[in-house]
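Biologist: Hi! Could you walk me through this model when you have a minute?
Modeller: Happy to, let me put it on screen.

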Amino acid sequence: MTETSETIEYTIECTDVLQCYPDKKGGLFTVLNDIDIRVQSGTFLSLVGPSGSGKSTFSRLILGSEPPFRGQVLINGQPVQPPDRNRGMVFQSYSLFPHLTVVENVMYGQELEEINFLSKWVRPFTYYKKKRYFKEKAMEYLDRVQLSPHADKYPFELSGGMRQRVAIAQAMIMKPDILLMDEPFGALDPDTRESLQVFLLEMHEKTKMTVLFITHDLEEALYLCSRLIVLSPFYVVDSGTTQGSKIVIDIAYPGRHPKSLDDKYTPYFNERLKMIREKGFNPDVRQHIGDFNLEHSDSWRTLSSDNGESNQTQAE
Ligand SMILES: Nc1ncnc2c1ncn2[C@@H]1O[C@H](COP(=O)(O)OP(=O)(O)OP(=O)(O)O)[C@@H](O)[C@H]1O
Ligand SMILES: [Mg+2]
């Protein structure tokens, strides 16, 4: 750790995290192997990696919907708990309730948390007062995502981009410490996608929440991030056998965050893209475990894994 680390707030800290699942032969196969990472509060962290490299698995560990097989996941310094309001999630497919209107969808989380539905009959005045307040708040968020004119529509009446904006408003209104986004713009056309990228950056600037953003689009990942990590199963170790993915690249994007759209056209941006593509995605270019590009100042590795695969377990 650096000398100043005591004053820095880390929203996410993973130490020696290993995740594996049952295989068909009754054994286990490793998906994530020895993941060490700490993420400062307010970071916009992009996560990329080849398909099947464990990106969604990693986000589930942070969400707390499954425990790691081994290792420790801390959220705000505490062992991760089952999903709660501090971790919001936005998926690629729209997670809206089809039978609720746009505004009702956005109100839903707060209602569930704070309204006792029985009081509708017992204390109707308090109930309706609270509901009115939640509706006003929901309208504020819909305004931010430029959807207030569509508040009373149902999800099926909206375009894909609009539905995704509702899903983002739905997650944001709960003011989570961490917003987890798993390919949130994957199903959108390029124009809608770009406008939502800009929107997301604006929201991030205002709220300063920590964002974990998973995408297949490297350009999108690099444009949005203040930090970027690559999970990859393509690496080599001295023992010859590798199991699961590791963080093979961990870089900060220097300079102002958020970037301007023009950044995408700079030589620096394109050089970084090339490096990520080559070292993180090309099965023919496997870095040795000792040569990973862990430039980020918060990047670290436990010693055990620096010797190769000496810390492998029965998970193999
Ligand atoms: N609950 C589970 N049970 C068994 N295997 C699983 C489970 N979840 C994920 N896997 C396996 O773990 C590996 C990683 O899956 P994961 O969905 O995390 O990858 P990903 O990087 O998100 O892939 P993609 O880019 O295609 O979304 C895959 O081989 C997948 O089949
Ligand atoms: Mg996935």
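**Helix packing**

Modeller: Let's start with a pair of helices: helix 2 passes helix 5 in a right-handed crossing. Helices here are DSSP runs of H or I with at least four residues, strands are E runs of at least two, and both are numbered from the N terminus. A crossing is left-handed if the near helix is turned anticlockwise from the far one by less than a right angle, and right-handed if clockwise.

Biologist: Before we go on, what should I know about the model itself?

Modeller: This is a predicted model, where local features need pLDDT of at least 70 and side-chain atom pairs count only at pLDDT 80 or more, while totals for chains, interfaces and linings use all residues. Residues are numbered from 1 along each chain as its sequence is written, chains are lettered from A and ligands numbered from 1 in the order in which they are written, and side-chain values use heavy atoms, with hydrogens and water left out.

Biologist: Thanks! At what angle do helix 2 and helix 5 pack?

Modeller: About 25 degrees, with the axes of helix 2 and helix 5 (residues 160–172) 8 Å apart. That makes helix 2 roughly parallel to helix 5. Axes are lines fitted to C-alpha atoms, for helices over the stretch in contact, and angles run from 0 to 180 degrees between N-to-C directions. Under 35 degrees counts as roughly parallel, over 145 as roughly antiparallel, 65 to 115 as roughly perpendicular and the rest as oblique.

Biologist: And how do helix 2 and helix 4 cross?

Modeller: The axes of helix 2 (residues 102–114) and helix 4 (residues 124–144) cross at roughly 130 degrees and come within 9 Å. Helix 2 is therefore oblique to helix 4. Helix 2 passes helix 4 in a right-handed crossing.

Biologist: Switching to the ligand, which residues come nearest to ligand 1?

Modeller: Ser51, Gly52, Lys55, Thr57 and His216, out of the 14 residues around ligand 1. A residue counts as near if one of its heavy atoms lies within 4 Å.

Biologist: Which element gives the largest share of that shell?

Modeller: Helix 1, with four residues. Strand 2 (28–40) and helix 1 (55–63) each supply at least two residues.

Biologist: What about polar contacts?

Modeller: Those are pairs of N or O atoms within 3.5 Å. A polar side-chain atom of Ser56 is 2.9 Å from an oxygen atom of ligand 1, and a side-chain N or O atom of Arg60 is 3.0 Å from a nitrogen atom of ligand 1.

Technical notes. Polar contact = N/O pair within 3.5 Å; in protein donor to acceptor, adjacent residues only side chain to side chain.
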